Amino acid sequence: MSTVTIPHQEAQELAVKKLSEAGLNKEHAEKVAEILVHADLRNVNSHGVLRTEHYVNRLNAGGINPNADIKFNQTGPVTGVVDGDDGFGHVIADVAMKQAIAMAKENGIGMVTATNSSHCGALSYFVQEAAEQNLIGIAMTHTDKIVVPFGGREAFLGTNPIAYGVPAKTSKPFILDMATSNVALGKILQYKEEGKEIPPGWGVNENGETVTDPAKVVALQTFGGPKGYGLSMIVDIFSGLLAGAAFGPHISKMYGDLDKKRKLGHYFCAINPAFFTDADSFLENMDQMMAEIRQAPPAPGFSQVFVPGEIEQMNEEKNLQNGITIASTVHQFLKK
């Protein structure tokens with residue numbers, strides 16, 4: 001696959017242009033593009049500007065409201081609900097996390113669900129928003145079914161990601177952003193294209209048996225067996241049921257029925273450490289904890305121990321200087 005490297009600002013401008021041409025209002029287009037480029041900077045390209053074409057297709061088909069009137073209803077001192085009016089999940093999620101942050105600053109905690117939403121992109125963006133304001137951020141979202149429950153043979157759950165962001169005094173924040181499936185479907189497709197076998201535990205065939213031939217994979221498996229399965233259900237409960245949205249197999253497909261609104265749900269939480277302990281001590285202890293983890297002796301085959309999210313942060317620093325690398329086909333679409 002041929003690639004091109006372009007400045008991240010250029011990628012962002014091109015994505016804004018394509019989304020705007022498809023009818024999305026400028027303010028929302030800028031937020032979506034910012035979050036897409038955030039993912040590319042971290043080398044999480046699956047959630048980067050390559051998604052622009054799909055979003056344009058969904059906008060053109062009527063599956064996303066280009067002028068969504070996003071409303072927040074505060075239901076208690078530390079709780080609220082965002083109605084996304086079937087707009088872009090990226091924008092809806094950003095509104096929800098900002099409201100959670102505001103409540104956490106005032107009352108120690110803020111919890112917000114979002115409904116009538118769509119795909120919201122990389123959750124790391126939203127938990128980082130909280131961490132940059134010295135708050136702990138939590139984010140969850142459900143996705144359409146592609147993962148078998150532990151012991152099952154048919155897909156029921158989505159990849160159902162969960163993310164945490166925790167601030168530190170001088171270090172970059174701790175950022176954990178992970179799917180509850182063992183691997184992304186794209187990884188299996190890549191192995192198939194390269195003619196390589198996949199490790200056991202990545203995918204199953206139609207009988208629910210784990211396979212190493214990527215061509216036989218019909219569904220993914222959760223990480224850690226029953227543990228990942230349980231956590232995947234938790235994500236669906238918090239971002240689906242708690243938000244009054246669908247769950248599991250009832251969630252509309254991302255790449256099917258482009259003309260239909262997806263009605264996705266999300267969950268966001270912000271926690272203010274100052275309401276629980278001395279804020280400065282908390283931040284300093286996070287610095288110390290991460291420093292000591294980095295100093296842990298590496299196992300054979302590893303150069304060092306990294307903190308979750310640290311490699312992506314290193315990628316971001318490098319790519320801010322050198323530009324982001326995207327597929328030539330994605331570049332061609334953006335330039336059209």
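D85 is partly exposed, with 26% relative accessible area. The model is predicted, and in it D85 sits in the loop that joins strand 3 (79-83) to helix 4 (89-107). Although D85 is not a glycine, its phi is positive, at about 55 degrees.

N43 also has a positive phi without being a glycine, and the value is near 65 degrees. N43 belongs to the loop between helix 2 and helix 3 (52-61). Its relative accessibility is 37%, so N43 counts as partly exposed.

| Helix pair | Angle between axes | Distance between axes |
|---|---|---|
| Helix 1 (residues 8-21) and helix 2 (residues 26-41) | about 140 degrees | 8 Å |
| Helix 1 and helix 3 | about 15 degrees | 9 Å |

Helix 1 packs on helix 2 at an angle of about 140 degrees. Helix 1 is therefore oblique to helix 2, since only angles over 145 degrees count as roughly antiparallel. The two helices cross in a right-handed sense. On the helix 1 side the contact is formed by H8, A11, Q12, A15, V16, L19 and S20, and on the helix 2 side by K26, A29, E30, V32, A33, E34, V37 and L41. Sorted by class, the contact between helix 1 and helix 2 comprises nine nonpolar, three polar and three charged residues.

With helix 3, helix 1 makes an angle of about 15 degrees. Helix 1 is therefore roughly parallel to helix 3, as angles under 35 degrees fall in that class. The crossing of helix 1 with helix 3 is right-handed. Here A15, K18 and L19 of helix 1 meet T52, Y55, V56 and L59 of helix 3. This contact of helix 1 with helix 3 has five nonpolar residues, one polar and one charged.

**Cysteines**

How many disulfides does the structure hold? The number is zero. C120 takes part in no disulfide, and the nearest cysteine sulfur to it, in C269, lies 16 Å away. Seen from C269, the closest cysteine sulfur is that of C120, and the 16 Å between them is too far for a bond, because a disulfide needs the two sulfur atoms within 2.5 Å. C120 is buried, with a relative accessible area of 2%. C269 is buried as well, at 2%.

**S232**

Is S232 buried or exposed? S232 has a relative accessible area of 0%, so it is buried, the cut-off being under 20%. S232 is placed in helix 7 (residues 226-241). When neighbours within four places in sequence are left aside, the residues in contact with S232 are L157, G158, N160, T180 and T222. The C-alpha atom of S232 is also separated by 9.9 Å from that of T141, a residue 91 positions away along the chain.

Technical notes. Residues are numbered from 1 along each chain as its sequence is written. This is a predicted model: local features need pLDDT of at least 70, side-chain atom pairs count only at pLDDT 80 or more; totals for chains, interfaces and linings use all residues. Side-chain values use heavy atoms; hydrogens and water are left out. Axes are lines fitted to C-alpha atoms, for helices over the stretch in contact, and angles run from 0 to 180 degrees between N-to-C directions. Helices (H or I, at least four residues) and strands (E, at least two) are DSSP runs, numbered from the N terminus. Angles under 35 degrees count as roughly parallel, over 145 as roughly antiparallel, 65 to 115 as roughly perpendicular and the rest as oblique. A crossing is left-handed if the near helix is turned anticlockwise from the far one by less than a right angle, and right-handed if clockwise. Contact means heavy atoms within 4.5 Å. Ala, Val, Leu, Ile, Met, Phe, Trp, Tyr, Cys and Pro count as nonpolar, Asp, Glu, Lys and Arg as charged, and the others, Gly among them, as polar. Buried means under 20% relative accessible area, exposed over 50%, partly exposed in between (1.4 Å probe, protein chains only).
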